[in-house]
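Thank you all for coming; I would like to walk you through one structure this morning, taking it slowly for anyone who has not seen it before. Please have a look at it first, and then we will begin with a single residue.

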Amino acid sequence: MGASNQSLEFSDSAVTVGKNTESWYAVMTRARHEKAVEYRLRDRGVTTFLPTVTEIHRWKDRKKEVELPLFGCYLFVKVMPTNEDRQRVLSTDSVLGLIGNTQGLGTAIPDEQIDAVRILVTHKLPWSSHPFLKIGQRVRIRSGALEGIEGILQARKGDRKLIISVDAMQRSLAIQVEGYDLESI
C-alpha cells in the first residue's frame, strides 16, 4: 500500500462530555465495526475520534475509493476515568474493551499523541505503517549495507543509534541508524 494513493480523513464528535479531567482511551472493537461503534458512542454523548484513510481498491473490472480506519479494530474516546463513563463505553455493542492495564480500566493516552495523529490526518501527510519501536528494544536493520545487523536502539539528543555488543568481550559499538529500516526482534 503506497502512500501516494492515500488521503487521510477523520470524523470527530462535536459532543463533549464532562470537564477538564477527561482523558483519551483506545477502544478495541470487533473487526470492521469501527464506524458503527463510533456512531453508537456518539449517540450516547461520548466524544470520539476515528482517524480514517482513503485507499484506492482495485478489482478486475473497476477501481473504487474505500475509507478505512487508520488503526483497524480501534477508535479513541474521550471520557472521565469513572466507572460510569467506562460502562457507557464498554456496554456499547461491538466494543471488546479498553486498551491498557489488565483490570480493564484502560490506560489514558496523552493528548499530545492524539494531537499528533490529528495533525497527520488533517494535513493529509504521506505516511506508512511502521513497527512500534521503543528505546532500549532489540532491533534488526532490514535493508541497506547494514542489513541483518542486530542491536539495541538508543536515542540521545534526537539521534537514534544502534548499539552492537559483543557480550563475551563486554564491548559495544554505536552506529547511526537514521534512514535505515528497522524491525523489532
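Let me start with Phe-76, which has a relative accessibility of 9% and therefore counts as buried, since the cut-off for buried is under 20%. Please keep in mind throughout that this is a predicted model.

Now to the aromatic rings, where the structure holds three pairs. In one of them, the ring centres of Phe-49 and Phe-76 are 5.9 Å apart and the planes stand at 25°, so this pair is stacked. The pair links distant parts of the chain, with Phe-49 in strand E3, residues 47-58, and Phe-76 in strand E5, 27 residues apart. Phe-49 is buried, as is Phe-76. Phe-76 also pairs with Phe-71, and here the centres lie 6.1 Å apart with the planes at 85°, so that pair is edge-to-face. Phe-71 itself is partly exposed, with a relative accessible area of 36%.

What lies over the face of Phe-49? That is Arg-118, at 4.3 Å from the ring centre. Elsewhere, the charged end of Arg-62 sits over the ring of Trp-59, 4.7 Å from its centre.

Finally, let us turn to helix H2, residues 83-90, whose buried residues are Asp-85, Arg-86 and Val-89. These cover an arc of only 100° around the axis, which puts them on the same side of H2, while Asn-83 and Glu-84, on the other side, are exposed. The elements covering the buried residues of H2 include strand E2, helix H1, strand E5 and strand E6.

Methods. Residues numbered from 1 in each chain as written. Predicted model: local features only at pLDDT ≥ 70, side-chain atom pairs only at ≥ 80, totals over all residues. Heavy atoms only, no water. Buried < 20%, exposed > 50% of the residue type's maximum accessible area, 1.4 Å probe, protein only. Helix = DSSP H or I, 4+ residues; strand = E, 2+ residues; numbered from the N terminus. Arc of directions from axis to C-beta. Contact = heavy atoms within 4.5 Å. Phe/Tyr/Trp six-rings, centres within 6.5 Å; stacked < 30°, edge-to-face > 60°. Lys NZ or Arg CZ within 6 Å of the ring centre and 35° of its normal.
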